[in-house]
Amino acid sequence: MNLFWECFLFLGFPYISDRTLEYYSAEIAQKRLQAIVRTAQARDWQHLHECLSAFWREFVESAKNSIEPYLLPIPADQQISFVWRIYRGRPQICYNLSTRIMYEIYLGRYRGQLFLPSYEKMAKEYNVSVNTVRRTIRLLTQLRVTLPINGKGIRIFSLGDRTEQPDLTVPAIVRNLALFYQSFELLLYSCEDIVLRTLSSLDQEEKNKLINQLKDYVNAGNCELTPWCIFISAAMRAPLQGFREIYANIYGLALWGYPLKTSQGRYPPVDDKAVWLTKSLIQYLTADDLEDCAAAFKDFVSIALPSIEKYLSLFGIEHAKLQMSPSARLYYQTGILADP
């Protein structure tokens, strides 16, 4: 829902009345909604998809034709890029900085180091206040990513390090774990097409580099990094800027789930599937079979989604806090993907 409203805000979705567009009226809207409800009650998902698609095509086209004469053309160099603001208000800086520091710890320039730079150096580097850095490190410490040690500095728990369980009494941590889980629902609906388009944009040298990276994951026993690798590729090479923004945020949300896993060790339902995914991607990429690569990644997501929910429930994070939509639940219970 957050992403849905962010898209509406970005697009400047038109508020209309009976006087604005001749084709629109409350009576027409009511009839359409009643038809949609009846179709949903009958569980006729294919027909529901057709009804919704037809409605949006007609609505958007009519709105566009009505509004377009009043709009001035915008030069290409003045186009505004979509930004998915997951967090609102003051916490946004802290949460975004937490995600950025986690990336640097696991895969970036802090990887392999024992300690982070000082608060003052990080404040200058990330262009934030020292107090913001302190709040961020406090949150990362509650998440068990860092550990301030008096007289030494801020200890880092790097990729693969065993940690204590995150403090799940902290609302911010539970909220971000729920968002991490919900992000997999977005993947369920979008990943096959996005992965296919992303891999299709790679030249042979880039594909070989990706294959070698995946082979390194297999050899090092780090196949859990494969989904991250795909997220980063999509964030850099997806065909549309909006998709790149969304997948960059999904990758950031995935980082929040990692400390909980490292506190418990292997989780076979997801870990074993990640090994299968990595080996499958190597095989399909080598054969330049990009369609099967995309299908394999979707298969991984369809297994990971319910497995992550069960894993989080082991720590008292129940479904009510995760708020999965009925259509996603229907998919992994029946194997039938209901169009949203």
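Colleague: How many cavities of 30 Å³ or more does the structure hold?
Modeller: The structure holds three of them. The model is predicted, so local features need pLDDT of at least 70 and side-chain atom pairs pLDDT 80 or more, while totals for chains, interfaces and linings use all residues. Residues are numbered from 1 along each chain as its sequence is written, and side-chain values use heavy atoms, without hydrogens and water.

Colleague: What makes a space a cavity and not a pocket?
Modeller: On a 1 Å grid over the protein atoms alone, a 1.4 Å probe fits in a cavity but cannot get out; a pocket is an open set with protein on both sides within 12 Å along at least five of seven lines. The largest cavity has a volume of about 360 Å³. That volume is the space filled by probe spheres set on grid points joined across faces, edges and corners.

Colleague: Which residues line the largest cavity nearest its centre?
Modeller: Phe180, Gly257, Lys261, Val270 and Ile308 lie nearest the centre, out of 20 lining residues. A lining residue has an atom within 4 Å of a point.

Colleague: Which helices supply the lining of the largest cavity?
Modeller: H7 (171–200), H9 (226–237), H10 (241–262), H11 and H12 (290–313) each give at least two residues. H10 gives the most, with five. Helices here are DSSP runs (H or I, at least four residues), numbered from the N terminus.

Colleague: What lines the second largest pocket?
Modeller: Its lining has 16 residues, with Lys209, Cys229, Ile232, Ser233 and Met236 nearest its centre. The pocket's volume is about 550 Å³. H9 gives the largest share of the lining, six residues. By class, the lining has ten nonpolar, two polar and four charged residues.

Colleague: Why are H8 and H11 called roughly antiparallel?
Modeller: The axes of H8 (residues 204–220) and H11 (residues 268–286) cross at roughly 150° and come within 9 Å. Angles over 145 degrees count as roughly antiparallel, under 35 as roughly parallel, 65 to 115 as roughly perpendicular and the rest as oblique. H8 and H11 are therefore roughly antiparallel. Axes are lines fitted to C-alpha atoms, for helices over the stretch in contact, and angles run from 0 to 180 degrees between N-to-C directions.

Colleague: Why are H5 and H6 called roughly perpendicular?
Modeller: H5 (residues 119–126) and H6 (residues 130–142) cross at roughly 110°, their axes coming within 8 Å. H5 and H6 are therefore roughly perpendicular. Tyr119, Glu120, Met122 and Ala123 of H5 make the contact with Val130, Val133, Arg134 and Ile137 of H6. Contact means heavy atoms within 4.5 Å.

Colleague: What makes H7 oblique to H10?
Modeller: H7 and H10 pack at about 135°, with axes 9 Å apart. That angle makes H7 oblique to H10. The contact residues include Phe180 and Leu187 of H7 and Trp256 and Gly257 of H10. The contact residues of H7 with H10 divide into 14 nonpolar, four polar and no charged.

Colleague: What is the handedness of the crossing of H7 and H10?
Modeller: That crossing is left-handed. The term means that the near helix is turned anticlockwise from the far one by less than a right angle; clockwise would be right-handed. H8 also passes H11 in a left-handed crossing.

Note on methods: Ala, Val, Leu, Ile, Met, Phe, Trp, Tyr, Cys and Pro count as nonpolar, Asp, Glu, Lys and Arg as charged, and the others, Gly among them, as polar.
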